[in-house]
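Work through the exercises below with the sequence and the structure at hand. Each task is followed by its solution.

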Amino acid sequence: MRYFWHISDLHLDTLYSTHGDIYRSCWELARSVSGSNANSAASEPPGPFGHYNCDSPWSLIESAVKTMKAKQGDNVEFVLWTGDALSHSAQPLSEQKQHEILRNITELLGRSFSSQFIFPVLGHEDGSGSYRRLGELWRHWLPSEALVTFDQGGYYSIEQTKSRLRIVALNTNFMRLDPDPDPRASLSLRWPAEYFAEPKASVSSISAEDELLAEQQWLWLEEVLTKSKEKQETVYIVGHMPPGVDERHLGTQHNQLTFTERNNQRYLDMVRRFAPVIQGQFFGHLHSDTFRLIYDAKGNPISWLMIAPSIVPRKAGIGSSNNPALRLYKFDTGSGQVLDYTQFWLDLPLANRANEPTWQPEYNLTHYYALPEISAGALHNFAERFTGTDLSWFTRYHRANAVRYHSGSACPGLCMLNHYCAITRLDYDEFRLCLEKEQLALQGHAPAALMPTSWSWLLGVLAVFYGLHAGRWSGGCNNCHIQRI
């Protein structure tokens, strides 16, 4: 039995300042927006370890890595680092500046875990440099055979020498549905000329060259899984963006989806085909604590995904945040079976007030959710509790979903259904059908206070999702937002 850490979405912002404006990324900038000074005066200043509206200062990331080393530094087999090291506002950074930030984080992790391998995967906020240059940065962690495919397309696989476990690291940027945001326009900031290069052109579809690389990754993934099946290996699939939809966004809006529909279906088909050798799937990107289930054609649960919360407290936009978190997994080195995990969290307001980042255990998975084991079947049975009369199990899950941010905030009716369907229906069409078909069943089990006040309420909700007419509904969904991550 050994352990591994999983960290995700650090989003280091080198411009973060405790004298900055929390409504403008915690940066010290000339204020040109009317009312900005008044807003800043009426709100608390950014703390030394971060703010819910902003990306991470170096002090937060350094405290997280120190905690990992202190809590479990020696009996650790490896560290999964699932992408998005750079700030959400880093797109206009020069390539050199992006590389320097990645190098600083790499050196911090390398110093802290000098005897362990760290397996990084690329997020969509990890710069625009060449794969080969990133490979040079991480070559002390990646063997030569892994560097061949990483230099080509940012993906690789590694066989653990102490077990028959293979780590398969995907470049999910090839799969993503890009909403083509313009960060400069959306933030309305004055970009420091000495710090930034000219903003790079943003496109909503990948280039022809990347299309070819994306297809090569699919063929490579099929080949790796086929060989693992023949050699009776077990596999962990690791990536930044997970398939399916974001459970904290209502409905099926374009910017809630992560993969294109074709790539989403292709991934699900691949997992169904090789489910017997896939022991676990580990992703980040959503900045929330949740999981996903994949079913076979008969509706049997056959595979699970764990989605780790972020170190950065900001999700996107004001009001959709989370506390920072780290995750320590326990696993069987012989079979690769994941046995449990313990999640550590940072109470951000408390850390800022005390000027001391005290990371605490938040929960232990099997104990917190009363699971007999970590398996697709056990997690399916837990998710089905959301549709029952005992709402305490969903309340537990929802409390952890944003890492105790606004603990106890209500998530009734449609909000709860959105979580349930996102967990159990990764196919986009099935997710839409779940929202429609499960509505009556779920609301039928809910207490009277959470039931729709009339049939028109329900029809109005469905109308919003399917465009039948401009309906309206009552009730709310805290922590459910239509924002880009």
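The model is predicted: local features need pLDDT of at least 70, side-chain atom pairs count only at pLDDT 80 or more, and totals for chains, interfaces and linings use all residues. Residues are numbered from 1 along each chain as its sequence is written, and side-chain values use heavy atoms, with hydrogens and water left out.

**Exercise 1.** Find how the axes of helix α3 and helix α4 are oriented to each other.

Step 1. Locate α3 at residues 95-112 and α4 at residues 131-138; helices are DSSP runs (H or I, at least four residues), numbered from the N terminus.

Step 2. Their axes come within 10 Å and cross at roughly 25°. Axes are lines fitted to C-alpha atoms, for helices over the stretch in contact, and angles run from 0 to 180 degrees between N-to-C directions.

Step 3. α3 and α4 are therefore roughly parallel (angles under 35 degrees).

**Exercise 2.** Which residues of α3 meet α4?

Step 1. Contact means heavy atoms within 4.5 Å.

Step 2. In α3 they are Glu95, Gln96, His99, Leu102, Arg103 and Thr106, which meet Arg133, Leu134, Leu137 and Trp138 in α4.

**Exercise 3.** Give the strand order of the open sheet and name its edge strands.

Step 1. The six strands (E, at least two residues) run β4-β5-β6-β7-β9-β8, with mixed pairing. Two strands pair if DSSP finds at least two bridges between them.

Step 2. β4 (156-159) and β8 (290-295) each pair on one side only, as edge strands.

Technical notes. Parallel < 35°, antiparallel > 145°, perpendicular 65-115°, else oblique.
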